[in-house]
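Here are my notes for a colleague who is opening this structure for the first time. They are set out as numbered points, to be read beside the model.

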Amino acid sequence: MEYLKINEKISLHRFGTPLKTGAVTLDLTGNDFSEKTEINHLNISYEQERINLVYNLKPEDRIFGLGETLGCFNKRGMKFRLFNSDDPVHTPEKESLYGTHCLFMVDGEESFGIFIDYPGEMILDIGFSKKNIFKISVSDNNFDLYIFKIDTLQELTRNYLHLCGTPYIPPAWAFGYQQSRWSYPDADSVNDIADHCRNLNIPCDAIFLDIDYMDNYKVFTVSDDKFPDFAKYVKKLKKAGFKLIPIIDPGVKIESGYSMYEEGKENNYFCKDNESNDFTAACWPGKIHFPDFLSPEVRLWWGNHHKEFLENGIEGFWIDMNEPSIFYAPSALSSYFEQVKEIESLEDPGFELFRLKWLSESLANHPDYYRSFFHNNEGIQKVTNESVHNLFGFKMAEATVEGFKKYLPGKRYFLVSRSSFSGQHRISAVWAGDNMSWWEHLIVHIRMLLSLGISGFFYSGSDVGGFGCNSSADLVIRWTQLGAFTPFFRNHSATGTRSQEPWAFDDDTLNIVRETIRTRYSLFPYIYSEFMRSVRDFHPFVSPLMMFFDSERVKGIEDQFMFGESLMITPVIERNAIGRYVHLPECNWLLWKSSKWHEHNCVIYKSGDYFIETGLEEIPVFMRENTLMIQAEPQNYIGETIITELFVTGLVTDEAVYEYYTDNGEDSKHKDGEFSTLTITVNAIDDSFDIKVKINENFEVPMDVNRLSFELYGSKKGVYKETITLTK
Ligand code: MIG
């Protein structure tokens, strides 16, 4: 094993000659590796092709991280198989989901972090089989293992991002509400959604196009019947403030004359089977080939095919099925049919019938498939998909980015991927895939978001209202209230399920959901300022309480989280609950219980534990002492009007400083200093408040705020209100 000390915090242990995954961006060339046989904390054992790393868990150890996984936020007691999989039923025992993020922290007497950069299968048994044994089994002996010498979770993320790069920043409108369903298949149904939103005063920034917009599920086509004059349509919707986000699936339909198929075949752009023929699988379009995204040439080709969409005004995509998901391979299907015939011929099929059911289920995503096709990795070496499996989604995202770079140069783009790998946080968001309209999935949503944040995916979210199964009015309400405090805020549901748009239920539900979404929009100045800061600081935007407060108690809290630096969200996630218990760590807190963005009840709480009664229409949010929250009048969509007035709320007993941040929201010029800030400083002095406002304006980005209305708590005299008008 080779060893490299990168800096005081990070060291690298290199096994064999690992393949370059693209996860790490820090330039390590020119460094001198030395030989080493041991790794701090871990026992290494070799088992045929695999390498096992064992850590002896101490009673107090907690394990945090692992990105998109199920189970508790503290992963101790769980087992995971990191092998990207399209599994649409997220029950608690599932070991694999769509992404691989092998970054975690052991938090205990001796804390440290580990990141394994390896694109094939890894099994992590975290005290599941044996209570005190944490065994990591890597299915190959070529990989990089990084050790982080850190004491806290925020330090882990900071150092990991130093190694793997800055998180993706979406365009500003991506912080608005987004409406989706499988499917709004044609212009009429999309119009219906857009009209409902505007007529009912429900802010919305984006509408998603699921697979039915295409011509026969052929990638990069738009059905002419369903969207006559697509280009004009995209522009019309944009004028009304809606971005259209088409879905892109990787499988290319095998159909002679279809240009994607012909070009791919001719240029050898598809993954090959054992006999060097184009590998055939099946997905929505029927029989398909997979583009070999591991080849740079293929990525360019694929990227170029976004041209028409991007020139027609599309600014974002969601990319799906990129684990890649396989309904069946034709060879497996024929053997399945043979077995059906065999069973048919039996006089009494008996138990064989059940075997048939199991057989048909095992057709999808069978492990054999991933052994039977090959990539031409970076145009250099032939590798089985199995050995680089977890890169497919990442490399597809890179291919998409090639398109953005070419046809939307300099612009921020919107990209959310289902499958992902470490490092992908630089170029795309992820959503949590096919959750269910189950109350149990609200907490799953929170835990996953927090874990993803650790791995640098600051902008992510899960389907609000739940994807599979029928949702209900109360679930959509509670989920919208939670979703309003998550970065990617999209209501989405599966075909065949009950509609779950805000207006799909009754008037009460509509009103509550509308006010919740309007509250979200009122918080846009705060959300955007905080998000941009979180990226600058390498500190997750949505983060666990333990990133702010240090106590054993706080480390065990998984159903409350920080949203930026000022707000702690304590969502109600149980059906029929009339409220919930909350833990308020360390300082005083201001409970901001709102049912409308500008109407709220504020109550000061000392640190401790409380039961907070919460009506179905109310969102309990706690403001941290000596921080501020800023709001503006909600808009129909982000950027509809210029923000000139801010509403500032806070509990101030000493000093609170807030930096409101604004930029053009659509490109990367902020990196060169093209942003403006307005710094608000509030000091509590003798039962009153001293307020100072300082503008730092970049001439390219006007600071249009000219009025600030304050509502301050913490003085013995009660609430203090003041409005300040700024003159330039
Ligand atoms: O096999 O495109 O997770 O969001 O609506 C299902 C149809 C394929 C899975 C995605 C979901 C999407 C659906 N897709």
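Predicted model: local features only at pLDDT ≥ 70, side-chain atom pairs only at ≥ 80, totals over all residues.

1. Ala 23 is found in the loop between β2 (10-15) and β3 (34-35), where strands are DSSP runs of E with at least two residues, helices are runs of H or I with at least four, and both are numbered from the N terminus. Ala 23 is buried, with a relative accessible area of 0%; buried means under 20%, exposed over 50% and partly exposed in between, with a 1.4 Å probe and protein chains only.

2. Residues are numbered from 1 along each chain as its sequence is written, and side-chain values use heavy atoms, with hydrogens and water left out.

3. The ligand deserves a careful look. It is surrounded by 13 residues, the closest being Asp 210, Asp 320, Arg 418, Asp 434 and His 492, where a residue counts as near if one of its heavy atoms lies within 4 Å. A polar side-chain atom of Asp 210 lies 2.5 Å from an oxygen atom of the ligand, and for His 492 the distance from a side-chain N or O atom to a ligand oxygen is 2.9 Å; a polar contact is a pair of N or O atoms within 3.5 Å. The protein buries 95% of the 360 Å² that the ligand exposes when taken alone, with areas from the Shrake-Rupley method and a 1.4 Å probe.

4. The bond from Trp 182 to Ser 183 is cis, with omega near 0°, and Ser 183 lies in the loop between β14 (177-179) and α2 (187-199). Another cis bond joins Glu 323 and Pro 324, with omega about -10°, and Pro 324 lies in the loop between β20 (316-319) and α7 (330-344).

5. Met 321, found in the loop between β20 and α7, has a positive phi near 60° and counts as buried at 6% relative accessibility. Asp 687, in the loop between β39 (676-685) and β40 (688-696), has a positive phi of about 60°, and at 33% relative accessibility this residue counts as partly exposed.

Conventions. Polar contact = N/O pair within 3.5 Å; in protein donor to acceptor, adjacent residues only side chain to side chain.
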